[in-house]
Amino acid sequence: MNLPHQKPLLFAKELILLDENTVEVMCVFPQQPTLPMFIEAAAQSSAAFNTQDKLTMGVVISFKNTVLEESSCALTYCLRVKKLTQINTIHQFSFEALDAQKNTQIASGEFTLLIET
């Protein structure tokens, strides 16, 4: 994944799964993550859909139905991001933050990105 982020805001570490509409990315946090940190990690994970060499910039323009469902002290999670819709440069995704073993859903929601072309 080609991300311009630096520590301490670089959460997406390793691509686990990539198919046409879903990515799974291992994300590591420097401290117990909050819901906004999971949203940022999900946005970073969506960069895995970009399979071109060209770096494109995206901006989160909205999020909705975001829920922190479980409290966890772990620092490593699997972020599963699914493509929902795309209209020109506007992309909508859903996400789930799962524990490292993918057994428990920690957070979920939807977010919309404006992605440059």
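This note goes through the sheet, the aromatic pairs and a surface patch of the structure above.

1. The model is predicted, so local features need pLDDT of at least 70 and side-chain atom pairs count only at pLDDT 80 or more, while totals for chains, interfaces and linings use all residues. Residues are numbered from 1 along each chain as its sequence is written, and side-chain values use heavy atoms, with hydrogens and water left out.

2. The sheet is open and has six strands in the order S1-S2-S4-S5-S6-S3, with antiparallel pairing; strands here are DSSP runs of E, at least two residues long, numbered from the N terminus, and two of them pair if DSSP finds at least two bridges between them. Strand S1 (12-18) and strand S3 (58-68) stand at the edges with a single partner strand each, so one side of each is left without a neighbour in the sheet. From one strand to the next the twist averages 25°, where axes are lines fitted to C-alpha atoms and angles run from 0 to 180 degrees between N-to-C directions.

3. Strands S5 and S6 run antiparallel and are joined by nine bridges. Leu98 has Gln105 in S6 as its bridge partner.

4. Seven aromatic pairs are found in a search of the whole structure; rings of Phe, Tyr and Trp (its six-membered ring) pair if their centres lie within 6.5 Å, and planes under 30 degrees apart count as stacked, over 60 as edge-to-face and the rest as tilted. Phe93 and Phe111 form a stacked pair, because their ring centres are 5.2 Å apart and their planes stand at 20°. This pair links distant parts of the chain, with Phe93 in strand S5 and Phe111 in strand S6 (residues 105-115), 18 residues apart.

5. Phe93 and Phe111 are buried, that is, under 20% relative accessible area, whereas exposed means over 50% and partly exposed lies in between (1.4 Å probe, protein chains only). The rings of Phe95 and Phe111 have centres 6.2 Å apart and planes at 55°, so this pair is tilted. Phe95 in strand S5 and Phe111 in strand S6 are 16 residues apart, and both are buried.

6. Ring pairs also link Phe11, Phe29, Phe38 and Tyr77 into a cluster.

7. Ile90 lies in strand S5 (residues 90-99) and counts as partly exposed because its relative accessibility is 32%.

How values were computed. Helix = DSSP H or I, 4+ residues; strand = E, 2+ residues; numbered from the N terminus.
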